[in-house]
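Please read the following report with the sequence and the model side by side.

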Amino acid sequence: MFNKVLIANRGEIAVRIIRACRELGIKTVAVFSTADKNALHAKIADEAVCIGPAATKDSYLNVKAIIAACEITGAEAIHPGFGFLSENADFVRMCKKCGIEFIGPDAESIDMLGDKASAKATMKAAGVPVIPGTDGAVKSMDEAKKAAEEIGYPLMVKASAGGGGRGIRLVNSADELEQQVTAAQQEALNFFGNDEVYMEKFIINPKHIEVQIIADKKGNVIHLGERDCSMQRRNQKVLEESPSPIMTPELREKMGTAAVAAAKACGYHNAGTIEFLVDDDRNFYFMEMNTRIQVEHPITEYVTGFDLVKEQIKIASGEELSEKQENIKLTGHSIECRINAENPDFNFRPSPGKIQALHIPGGPGIRIDSAVYQGYTITPYYDSMIAKLIVHAKTRDEAIKKMKWALSEFIVEGVDTNIDFQLGLIKDEVFESGKYDIGYLGRKMKL
């Protein structure tokens, strides 16, 4: 086991990793930008190193500074959390070159799965159901037009190196194709430095269901059930729940088996998430694989009792999986609401500022993953998520009721938040019915 781990991240996920390390008896090193000098993760770690100014490119994406922080503190491993460098294959290679263990998959897996078109081809070869579409990136507009005729409308244009809802365009007819392909390419180039796009059939009103897998370095892979991530705004997840309201034991077995096969097909190790679209007939199709811990991992931890972050660290140190598939049982129901410093009434405008007062809900089955405190100043430089409110109960109905009063007790003064917006979603009749799909929130808000 490692003696010291550096956390190459900030905010609630950095705090979460520090706490997992403490339970394992591992010392921690936090890195922080000048804007984060008073951040909680920098205060509670055993050591903290400033790695640059506020801009992410000069700090949390500054590979040389992070590697240097590892070397001067003697950290043997780096946990990247999510976002930033978590899916950067070149960073993984740099860690390996410097003799630092990266707590995540190897660079080859990230390369293979980070390119969405390549990942789709890999899954297809492994027998995992995929959405009908191009086998790789389209090379020209003529090729795009020909492929569109074969796929049929409506269809989706997607960035090959995409993620986070970027570089995605819906094409309803041939008249829109050229414009939307060009728009997707431009956005992909701006966000990922890669303008390659691929195309696939648009599945009408599907569910977005993801399966959590965990794999060790000895070839053992298990899945930990599913999460329903269908409540989305502009391709961004808003709240998640586990298990999915539409799931049956038979479908879970099929999707879990497919997810394990997907991980084995690319020699994957550590935590990963296979994302699927599920249609009205419960046919499921591979969408993408995220090669990191997910924002919504706590709901899986609640229903399985399985600590994903501790397991990540153990696997990176060379240990085998601590559980076998037959021991994984889903118990109860869990829901997560992402609490953001933003104003839903003004197009979800970010709301930086000082937290003047803070009351966090508590009680049985209530978990808060956060890095804010009373008096903390939310800066304008980073993601607006300030907390994750997670509840767990015996049934879905009880979990919904628990989330309602937990949100009602959650008070943040000094900045705008989406707490009331989340409360409205939890009270929504369609959400309560479980019959919502990936496009429901957009239709509700007329986005």
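Asn235 is found in the loop between β10 and β11; strands are DSSP runs of E with at least two residues, helices are runs of H or I with at least four residues, and both are numbered from the N terminus. The phi of Asn235 is near 65°, a positive value in a residue other than glycine. Asn235 counts as partly exposed because its relative accessibility is 39%; buried means under 20% relative accessible area, exposed over 50%, and partly exposed in between, with a 1.4 Å probe and protein chains only.

The model is predicted: local features need pLDDT of at least 70 and side-chain atom pairs count only at pLDDT 80 or more, while totals for chains, interfaces and linings use all residues. Residues are numbered from 1 along each chain as its sequence is written, and side-chain values use heavy atoms, with hydrogens and water left out.

Phe84 also has a positive phi, near 45°, and is not a glycine. Phe84 sits in the loop between β4 (77-79) and α4 (89-97) and is partly exposed at 29% relative accessibility. Most residues other than glycine have a negative phi, and most peptide bonds are trans.

|---|---|---|
| Tyr153 and Pro154 | about 0° | between α7 (141-151) and β6 (155-159) |
| Ser242 and Pro243 | about 0° | between β11 (236-242) and α9 (249-265) |

Pro243 is also among the residues that Glu226 touches, as are Ser242, Arg252 and Leu330, not counting residues up to four places away in sequence; contact means heavy atoms within 4.5 Å. Glu226 belongs to strand β10 (residues 221-233). With a relative accessible area of 1%, Glu226 is buried. The side chains of Glu226 and Arg252 are joined by a polar contact of 2.7 Å. A polar contact is a pair of N or O atoms within 3.5 Å; within protein, one must be able to donate a hydrogen and the other to accept it, and residues adjacent in sequence count only if both atoms are side-chain atoms. Glu226 and Gln212 are 14 residues apart in sequence, yet their C-alpha atoms are 6.3 Å apart in space.

Which helices are largely enclosed by the rest of the structure? In helix α11 (residues 308-316), eight of the nine residues are buried, so α11 is largely enclosed. Asp307 caps the N-terminal end of α11, with a side-chain oxygen 3.2 Å from the backbone nitrogen of Val309. Gly318, with a positive phi near 110°, follows α11. Helix α10 (residues 297-304) is largely enclosed too, because seven of its eight residues are buried. Among these buried residues are His297, Glu301 and Thr304. After α10 comes Gly305, whose phi is positive, near 70°.

The cysteines form zero disulfides, a disulfide being a pair of cysteine sulfur atoms within 2.5 Å. Cys266 is in no disulfide either, and the nearest cysteine sulfur, that of Cys229, is 20 Å away. Cys50 is partly exposed, with a relative accessible area of 40%, whereas Cys266 is buried at 8% relative accessibility.
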